[in-house]
Protein chains: 2
Amino acid sequence: MVDDFERMWADLAPVGRSAASGGYFRQPFLSAERELSAWFAEQAAARGLTLQSDAYGNQVAWWDPPAGSAGSSTDEVAPDGASKGPHRRSGAGRSGAGRSGALLTGSHLDSVLDGGAYDGPLGVVSALAAIDLMRERGVVPTRRVGVSVFVEEEGSRFGLACLGSRLAAGATTWESARELADRDGVRLGDVMAGDAVSGGSSSLLEGVTTFVELHVEQGRALVDRNAAIGVASEIWPHGRYRFDFTGTANHAGTTAMQDRRDPMLTYAMTALAANKQARTASAGGADLHRATFGRVDVAPNGTNAVPSRVTGWLDARCATDASLAELVAAIERQGHQRAERDGTALTVTAESVSGPVGFDGDLARAVAADHAGGDWPIVPTQAGHDAGILSTAGIPTAMLFVRNPTGVSHSPDESASMPDCLVGVSALADTLSRLAGGAG
Amino acid sequence: MVDDFERMWADLAPVGRSAASGGYFRQPFLSAERELSAWFAEQAAARGLTLQSDAYGNQVAWWDPPAGSAGSSTDEVAPDGASKGPHRRSGAGRSGAGRSGALLTGSHLDSVLDGGAYDGPLGVVSALAAIDLMRERGVVPTRRVGVSVFVEEEGSRFGLACLGSRLAAGATTWESARELADRDGVRLGDVMAGDAVSGGSSSLLEGVTTFVELHVEQGRALVDRNAAIGVASEIWPHGRYRFDFTGTANHAGTTAMQDRRDPMLTYAMTALAANKQARTASAGGADLHRATFGRVDVAPNGTNAVPSRVTGWLDARCATDASLAELVAAIERQGHQRAERDGTALTVTAESVSGPVGFDGDLARAVAADHAGGDWPIVPTQAGHDAGILSTAGIPTAMLFVRNPTGVSHSPDESASMPDCLVGVSALADTLSRLAGGAG
């Protein structure tokens, strides 16, 4: 298994990597990410897993139980495209560690712009290596076990995070998603084959009754607890908000300072206000607020022109829906006040807002309990995941985190040690065995 | 002449125009600007003017005096590429309204990103129309008269304003310019044919002893003076400075506010400080300072990532060299202070700094005096121009401004009325006739 993991990790290392920064550019439906998708299909074939894809580019590689065993019937999974109307899911429910229906595990292969190697791929590679390990251990599944790869988890190209899992779960309709456009104006409807499927639906999640996602931790909760593995309790509510600041383009040299309507100033003050608001709200050690302007687009973006428009995207996250709404409202209010002073205008659009996700408590406890060395800690996260989408859609879901020594993520510096990664594979194999294992 | 002007203006109207904004994208050596360059060659041919181009893409259309008349010898203009070593200019000097050597007029055809219709093209179209008008009036030139088009005046692609005139005048060497790169990393050396010329020099300015540039005003000095035409006294010192703010990329959701090293904050504070510094320094009605951050580049520029780097470009202008240096130093100092607080780093690079340009006073007075309706006002400008480069290179130079009702420039809203434009053509024809005219 160690060799399998290391070989797969070496396969992925060069794909979409920037020689300049050492970071990854694996945006959906572009060459690096498509290469990873093809690589995944090869890995499935090499293991005798059955590959299922949907029209959105999501993939599942299925490991079927032996014919005649419990749960071996495959006809509960409808062939792709046969599902009509609202998304149906047989056997789904808050059944915790229920062992009927299919068990899915996996993550994503896309990255943020200039991202790290672990966010996404660690969950996919670990899932494949966990199946290898289970087979080495002689585990025979009592239910179907699938390894999933959901597209555009980061939202780095089309702006909507967890796009693939949202579409697969019916949380976002194809009719609205097809109009999403990337930075070059390319519509999602023109790169995804969703239109080819009647009603645009996906049958990948039909019959799936449990989902487990392994992911590199994106903070230092496990470092603080001196644990290599943790289990997620919840995902904070979070949202992306587009702030469009408009003013009047003019000559940067000849326009007197008092004659300007410069949206860069309004943007700058709002970005500072967002940071201050989140820091102030988190003061006293509570640390329950995040507000970030990490993406900006300026028109015309010329050195010698006062801009006509500055667009900034606010990423905001809080422990509760109410505090998130309050935080965003406070930032918006300060933006409007400054806009009045600058003679500019501000329009705020919520591009996506996700409520809190409380993962299945019974399942989390069942996954975390009774390991050599003690229970795995159960910790919250501020990062969105496909697991949150599937959980909200009614599929009992658990997340495993692998320790990240610095906590850095969405950066070339993101990391996890090889020993911790291998502990992660073993932990995932244990978890899958608990949920779907039988003796060989 | 009215018809000529309006026809030429209509020719140019659609070229490189954005249907979305109504603004122009005429970046050097890209399709729209190349179309304008070809258009200029056609206009020259249609008028029987002799087109001369240099290896940098600069063009001059020459109107030669009749054979045998004073100044009709063309052999003082060396064929392109024949000039070796340092740039030579015979007859150049502070001769004011001297009438030996060649007289050049013209401007540029490139635009800022999303710019207006007038900045540049008005000077070229007016120069061609002025020749038409002089011919209608029976003026015969006593010296060579050339209409010039200098490339990349705005610096919107390669970052160095007045690039074509700098190269032609020897103010910038080809060895340094060839390494300039556009936003996509394309090197100037790969788009300009400069390498093809021995030593990379230009002979376009050989023998030129006077330059006159007509330009739309980029402020409201003429509106305030109720004048359609003005003459430039000076150009303020100005510069472009690249501010590189570096921090640490990280996850926007999981990274606690106090654990960040976010260069967006340092940038935002510095942009606000620049504005405040210029406003404060200009307070009390002096209005002698400008500071603008109009261009920003962020890495990785993702919504859910704290940036690793934010680069902002400062455009700064002041009435004197000393006050410009003081202004930039004050902004830089505040940026460094904030960087210390944010745990980020700031590096400032002066990409170009131009000292003050005092245009030839004798020439300005000679051009401005004794018109029907009184003398034209003589006013300063904060905008850089090719005229500033040629003046600094020792060629007596004058600028005519055409009134701009709103003062807006570097914007789709830039404008001049058609009557004022036609007054401009007539004024330029009068000026050229004073400097080069004889009776037919």
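**The pocket and the helix pair**

Tutor: Let's start with the lining of the largest pocket, which has 14 nonpolar, 8 polar and 12 charged residues. Nonpolar means Ala, Val, Leu, Ile, Met, Phe, Trp, Tyr, Cys and Pro, charged means Asp, Glu, Lys and Arg, and the others, Gly among them, are polar. This is a predicted model: local features need pLDDT of at least 70, side-chain atom pairs pLDDT 80 or more, while totals for chains, interfaces and linings use all residues. Side-chain values use heavy atoms, without hydrogens and water.

Student: Which residues lie nearest the centre of the largest pocket?

Tutor: Arg183(A), Val296(A), Asp297(A), Val298(A) and Asn301(B), from a lining of 34 residues.

Student: Which strand gives the most to the lining of the largest pocket?

Tutor: That is S10(A), with 5 residues.

Student: What makes H8(A) oblique to H8(B)?

Tutor: Helix H8 (263–281) of chain A and helix H8 (263–282) of chain B pack at about 135°, with axes 9 Å apart. Under 35 degrees is roughly parallel, over 145 roughly antiparallel, 65 to 115 roughly perpendicular and the rest oblique; therefore H8(A) is oblique to H8(B).

Student: Which residues meet there, and how do they divide into nonpolar, polar and charged?

Tutor: Contact means heavy atoms within 4.5 Å. Residues of H8(A), including Met264(A), Leu265(A) and Tyr267(A), meet residues of H8(B), including Met264(B), Leu265(B) and Tyr267(B). The residues of this contact divide into 14 nonpolar, 2 polar and no charged.

Terms used
Residues numbered from 1 in each chain as written. Chains lettered and ligands numbered in written order. 1 Å grid on protein atoms, 1.4 Å probe; cavity = no way out; pocket = protein on both sides within 12 Å on 5 of 7 lines; lining within 4 Å. Helix = DSSP H or I, 4+ residues; strand = E, 2+ residues; numbered from the N terminus. Axes fitted to C-alpha atoms, helices over the stretch in contact; angles between N-to-C directions.
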